[in-house]
Amino acid sequence: MTDETPEIRFARAKSAAREIARLTSGEKADLLVAIAERLVAESPRVVAANAEDLDRGRANGIGDSLLDRLALSTERVSALADATREVASLPDPVGQVVRGERLPNGLRLEQVRVPFGVVGAIYEARPNVTVDIAALALRAGNAVVLRGGSAAMSSNTALVSIMRDALASCGIDPEAIQTVDEFGRDGANAMMTARGLIDVLVPRGSANLIETVVTNSTVPVIETGAGNVHVVLDASATDEMARDITVNSKTHRPSVCNSAESVLVVREAAERLVPGVVSALQHAGVTVHGDDAVRALADGVVPATEHDWEAEYLTLDIAMRVVDTLDDAIAHISRYSTHHTETIVTSDLESAERFLAEVDSAAVYVNASTRFTDGGEFGFGAEVGISTQKLHARGPMGLPELTSTKWIGRGSGQVRA
């Protein structure tokens, strides 16, 4: 690709979007299957490119959590291909009737789902997002513009090339998938100001990246959020469930945004629960940052500071605090949460329903790990991101969230009196 400016690529994506929007559901599914097959066939190329990124990342000291997000093994590439096939098999949202009615004068109105047009994504050190967002965008009838960051430059270059080749092999304009990685920050800035060429922008990454996009973009943004995620251990929580859910929420994959970062223990159960939960976390390699009450009940706990209640660690660290009541736990979440995901472990139905009703986050659970906040787990095949805003989309975003709607009227000569 030899474009001179990002804007030229945006315009090409805009033109290609019209072709994607005309494809039938079957044609879009076939296109994604072709992408999946090509990913598997060219897996060694992807892994070799990813090795370049990993070597560069280690040399630059980017940290274990980012290295984990960055890494693409043969198995992870195969999983990306499987996820792409799953997206291909999902119901096509385009053309779905949201609501409709016939007016008294006989005019028939329907609100139907339609593609956005061009979906832009700005993200960091996540080459899997390159495939996930492209697959979801195409299945929902959109073109896509990607800015994946310098840390994953080699991986993203290979993945975009493979997907564009798959489009061409199906007779589809490959300009429907664009990248502006080679333009660096200028490419990201151009995306944020490409109103009229890019229809919606989705940032995924650090709190700083998301805030930069939300603050500076003239293109409509679907805000995804950092994950200061909480586990609340209520007075009636059983020892086993409290331990298992907390450990899984923290350690299943600590580098992702639905990993637990704080544990709040209701005082009535603290003496019973804290020692066992802390011990289980420490056995799994987790450093516990606790308040005075936690430190009095368990050994090897690091003193917590105000920063720990605000932290999205994305590492094997967790903050733990004893609170007097469930009300205090909810108040703590209200103050410090990023409104991503929270869970309560309880045997009390009233506490469970209060928590579900009063906690204002995109996903709220009772007696389940926070790790379930994920497009794949929700049956979406993949996800564009996890929205923490309240307009248009909230929580894991799949195919319907990559569509807008329009009203269609079918008449027989009606005029307004």
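Is Thr-373 buried or exposed in this model? With a relative accessible area of 0%, Thr-373 is buried, where buried means under 20% relative accessible area, exposed over 50%, and partly exposed in between (1.4 Å probe, protein chains only).

The model is a predicted one, in which local features need pLDDT of at least 70 and side-chain atom pairs count only at pLDDT 80 or more, whereas totals for chains, interfaces and linings use all residues. Residues are numbered from 1 along each chain as its sequence is written, and side-chain values use heavy atoms, with hydrogens and water left out.

**View 1. Thr-373 in its loop.** Thr-373 sits in the loop between strand 13 (363–366) and strand 14 (386–387); helices (H or I, at least four residues) and strands (E, at least two) are DSSP runs, numbered from the N terminus. When residues up to four places away in sequence are set aside, Thr-373 touches Asn-258, His-340, Thr-341, Ala-363, Tyr-365, Phe-378, Ile-386 and Pro-396, contact meaning heavy atoms within 4.5 Å.

**View 2. The annotated span, residues 10–286.** The unreviewed UniProt entry carries the annotation "domain: Aldehyde dehydrogenase" for residues 10–286; UniProt positions are given in the numbering used here, feature names are shortened, and annotations may be inferred rather than shown by experiment. Between the end C-alpha atoms of this span the distance is 45 Å, and the span is 54% helix and 16% strand.

**View 3. The largest pocket.** The volume of the largest pocket is about 1,200 Å³, and among the 43 residues that line this pocket, those closest to its centre are Asn-128, Arg-204, Arg-253, Val-256 and Asp-374. On a 1 Å grid over the protein atoms alone, a pocket is an open set of points where a 1.4 Å probe fits, with protein on both sides within 12 Å along at least five of seven lines, and lining residues have an atom within 4 Å of a point. Grid points are joined across faces, edges and corners, and a volume is the space filled by probe spheres set on the points. At least two lining residues each are supplied by helix 4 (64–70), helix 5 (74–89), helix 6 (127–139) and helix 9 (207–216), and helix 5 gives the largest share, six residues. Sorted by class, the lining holds 15 nonpolar, 14 polar and 14 charged residues; Ala, Val, Leu, Ile, Met, Phe, Trp, Tyr, Cys and Pro count as nonpolar, Asp, Glu, Lys and Arg as charged, and the others, Gly among them, as polar.

**View 4. The second largest pocket.** This pocket has a volume of about 550 Å³, and of its 24 lining residues the closest to the centre are Glu-124, Arg-147, Gly-149, Arg-185 and Leu-209. Two or more lining residues come from each of helix 3 (43–60), strand 3 (118–123), helix 8 (185–192) and helix 9. The lining is made up of ten nonpolar, nine polar and five charged residues.

**View 5. Arg-147 and its surroundings.** Arg-147 belongs to strand 4 (residues 143–147) and counts as buried because its relative accessibility is 10%. A polar atom of the Arg-147 side chain lies 3.4 Å from the backbone oxygen of Gly-184. Beyond residues up to four places away in sequence, Arg-147 touches Ala-121, Ile-122, Tyr-123, Val-180, Asp-181, Gly-184, Arg-185, Ala-188 and Met-191.

**View 6. Trp-407 in strand 16.** Within strand 16 (residues 403–410), Trp-407 is partly exposed, with a relative accessible area of 46%. Apart from residues up to four places away in sequence, Trp-407 touches Arg-99, Leu-109, Glu-110 and Gln-111.

**View 7. Two loop residues with positive phi.** Leu-314, in the loop between helix 13 (306–310) and strand 11 (317–323), has a phi near 60 degrees, a positive value in a residue other than glycine, and counts as buried at 15% relative accessibility. His-339 is found in the loop between helix 14 (326–336) and strand 12 (341–345); its phi is near 65 degrees, again a positive value in a residue other than glycine, and at 28% relative accessibility His-339 counts as partly exposed.

Terms used: A polar contact is a pair of N or O atoms within 3.5 Å; within protein, one must be able to donate a hydrogen and the other to accept it, and residues adjacent in sequence count only if both atoms are side-chain atoms.
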